[in-house]
Every structure is written in C-alpha cells, then in structure tokens.
Amino acid sequence: MVFACADSRVCPSVTLGLEPGEAFTVRNIAAMVPCYCKNKHTGVGSAIEYAVCALKVEFIVVIGHSRCGGIKALLNLKDGADDTFHFVEDWVRIGYPARKKVKDECSEMPFEEQCGVLEKVRPFAPLATYHFVLCM
C-alpha cells in the first residue's frame with residue numbers, strides 16, 4: 001500500500017517503479033495518514049482496512065516530496081485564526097504534532113528550511129492506531 005501526495009508532479013507508480021495493479025494507492029494532500037476514527041476520515045481508514053484485511057498487503061509506504069503545498073499550509077497555520085478553505089486546514093491539522101516538533105526544534109531556521117524538515121518527518125504514528133496494522 002502506498003500513501004502519496006495528490007500533487008500531480010509526484011506519481012507514486014513512476015517514483016517506485018510500479019506496474020498498474022502492483023500497489024493499492026491512496027493520494028491526498030500532503031500524503032497525510034490520520035489516526036483511526038470511525039467517524040472522521042473514514043475514506044482513508046476504509047482504504048487501510050481493505051488493503052490490510054482483504055488484500056493482505058504486508059507493507060505500507062508513505063512518500064512525500066519537496067516543496068509540498070500541503071506541508072506549507074500546515075506550517076503556515078496560525079493558532080486561533082479563521083480557516084481560509086472549507087476542508088484544507090482541517091485536513092492538514094492531522095500533521096499538527098509533527099508541525100509542533102519542527103516549530104519547537106527548528107525555530108531558528110528560515111520558513112522554507114522548516115518546510116523541508118517537516119516534509120521529512122511526516123508522522124507515521126497514526127498507522128499504529130489502526131488495530132489491524134502491525135507497525136514495526
């Protein structure tokens with residue numbers, strides 16, 4: 001299974017050298033993986049459940065890319081500010097724990113460099129909240 005950004009510049013099949021049908025793929029803004037919740041983000045949860053339980057996938061890969069607009073939106077979030085979009089800010093808030101870590105540890109870096117760090121430290125912990133996913 002592959003999680004990848006919805007950005008059209010990044011094609012997981014090309015990046016990973018996969019043929020059609022080789023990987024069950026989920027694409028969304030910033031390749032986010034939300035925590036398990038039966039009432040929220042059920043499209044992602046159902047994809048993970050189907051891939052693991054029905055298709056018996058053994059590996060889940062999360063791939064990001066540089067200059068990701070979703071990561072930039074996450075890093076740009078202002079506490080208490082009104083949202084600009086109906087869905088985008090709520091979606092990227094999935095990565096808020098990773099954002100906080102980067103803001104705390106890299107506050108001296110310029111914004112673009114902080115984005116680069118955040119692109120690399122995408123949180124994988126949410127996968128462990130799915131009881132049918134064995135994380136190693």
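**View 1. Glu119, a buried acidic residue without a salt bridge.** E119 is buried (under 20% relative accessible area, with exposed meaning over 50% and partly exposed in between, for a 1.4 Å probe and protein chains only) yet has no salt bridge, a salt bridge being a side-chain nitrogen of Lys or Arg within 4 Å of a carboxyl oxygen of Asp or Glu. The nearest side chain of opposite charge, K120, is 5.4 Å away, where Lys and Arg count as positive, Asp and Glu as negative, and His and the chain ends are not counted. This is a predicted model, in which local features need pLDDT of at least 70 and side-chain atom pairs count only at pLDDT 80 or more, while totals for chains, interfaces and linings use all residues. Residues are numbered from 1 along each chain as its sequence is written, and side-chain values use heavy atoms, with hydrogens and water left out.

View 2. E119 belongs to helix α6, residues 111-120; helices (H or I, at least four residues) and strands (E, at least two) are DSSP runs numbered from the N terminus. A polar atom of the E119 side chain lies 2.9 Å from the backbone nitrogen of R67. Neighbours within four places in sequence aside, E119 is in contact (heavy atoms within 4.5 Å) with H65, S66, R67, C68 and I71.

**View 3. The positions annotated as a binding site.** The unreviewed UniProt entry carries the annotation "binding site" for C5, D7, H65 and C68. These positions are spread over 64 residues of sequence but cluster in space, with a largest C-alpha distance of 9.1 Å. Such annotations may be inferred rather than shown by experiment, and feature names are shortened, with positions given in the numbering used here. C5, in strand β1 (residues 2-5), is buried because its relative accessible area is 7%, and its contacts beyond four places in sequence include H65 and C68. H65 lies in the loop between β3 (61-63) and α3 (69-76) and is likewise buried, because its relative accessible area is 12%.

**View 4. Strands β1 and β2.** The two strands run parallel and are joined by 4 bridges, pairing being assigned if DSSP finds at least two bridges; V2 stands opposite T25 in β2.

Technical notes: Polar contact = N/O pair within 3.5 Å; in protein donor to acceptor, adjacent residues only side chain to side chain.
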